[in-house]
Amino acid sequence: KDPYPIDALPTCNHALSVCQQERKCIKLFEDFKIHCKVRENKCRMEDSTCLPPRDLCHEAWTNLRLSPMFGCICPNNHMKRRCDRIFSMVNHNPCVGK
């Protein structure tokens with residue numbers, strides 16, 4: 001059973017609001033933002049004590065793929081700039097390797 005049922009591809013704004021209502025989902029998103037940190041379109045991963053930063057980032061990205069955040073879209077509407085920011089953070093993150 002899909003833990004985040006949405007009928008169609010959600011906008012990224014809607015996907016984030018759905019995700020914020022589910023503690024496990026928002027934790028996945030927060031972990032992704034922490035482990036795959038981006039500033040000024042450059043990857044800013046920090047070393048941690050256990051796993052190498054690249055592994056932590058990849059694991060966070062892999063987990064995020066199970067959430068509504070992955071696969072969201074941004075139609076041309078009044079919320080497009082915010083939507084594009086969310087979309088880019090998830091889909092064009094420079095920390096996530098090919």
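Axes are lines fitted to C-alpha atoms, for helices over the stretch in contact, and the angles between their N-to-C directions run from 0 to 180 degrees. Helices (H or I, at least four residues) and strands (E, at least two) are DSSP runs, numbered from the N terminus. The model is predicted: local features need pLDDT of at least 70 and side-chain atom pairs count only at pLDDT 80 or more, while totals for chains, interfaces and linings use all residues. Residues are numbered from 1 along each chain as its sequence is written, and side-chain values use heavy atoms, with hydrogens and water left out.

**The whole chain**

Begin with a cartoon view of the protein, which has four helices and two strands. Followed from the N terminus, the elements run α-α-β-β-α-α. Next, show the surface: the accessible area is about 6,800 Å², and 53% of this belongs to carbon and sulfur atoms. Such areas come from the Shrake-Rupley method with a 1.4 Å probe; for residues, only the protein chains shown count as cover. Of the 98 residues, 32% count as buried. Here buried means under 20% relative accessible area, exposed over 50%, and partly exposed in between (1.4 Å probe, protein chains only).

**Two helices**

Select residues 12-20, helix α1, together with residues 23-35, helix α2. How do these two helices pack? Their axes are 6 Å apart and form an angle of about 120°. The helices α1 and α2 are therefore oblique to each other; angles under 35 degrees count as roughly parallel, over 145 as roughly antiparallel, 65 to 115 as roughly perpendicular and the rest as oblique. Now display the side chains of Leu16, Cys19 and Gln20 in α1 and of Cys25, Ile26 and Phe29 in α2, which make the contact (heavy atoms within 4.5 Å). Five of the residues in this contact are nonpolar, one is polar and none is charged. In this classification, Ala, Val, Leu, Ile, Met, Phe, Trp, Tyr, Cys and Pro count as nonpolar, Asp, Glu, Lys and Arg as charged, and the others, Gly among them, as polar.

**The disulfides**

Now display the cysteine side chains. How many disulfides does the structure hold? There are five, a disulfide being a pair of cysteine sulfur atoms within 2.5 Å.

Select Cys12 and Cys72, whose sulfur atoms are joined at 2.0 Å. Cys12 lies in helix α1 and Cys72 in the loop between α3 (53-64) and α4 (80-91), so the pair ties together parts 60 residues apart in sequence. Both Cys12 and Cys72 are buried, and their link is right-handed, with 90° about the S-S bond.

Move to Cys36 and Cys57, which form a disulfide with sulfur atoms 2.1 Å apart. Cys36 is in the loop between α2 and β1 (38-39) and Cys57 is in helix α3, 21 residues apart. Are these cysteines buried or exposed? Cys36 is buried at 2% relative accessible area, and Cys57 is buried at 1%.

Finally, select Cys43 and Cys95, joined by a disulfide with an S to S distance of 2.0 Å. Cys43 lies in strand β2 (residues 42-43) and Cys95 in the segment after α4, so this pair ties together parts 52 residues apart in sequence. Cys43 is partly exposed at 27% relative accessibility, whereas Cys95 is buried at 2%.
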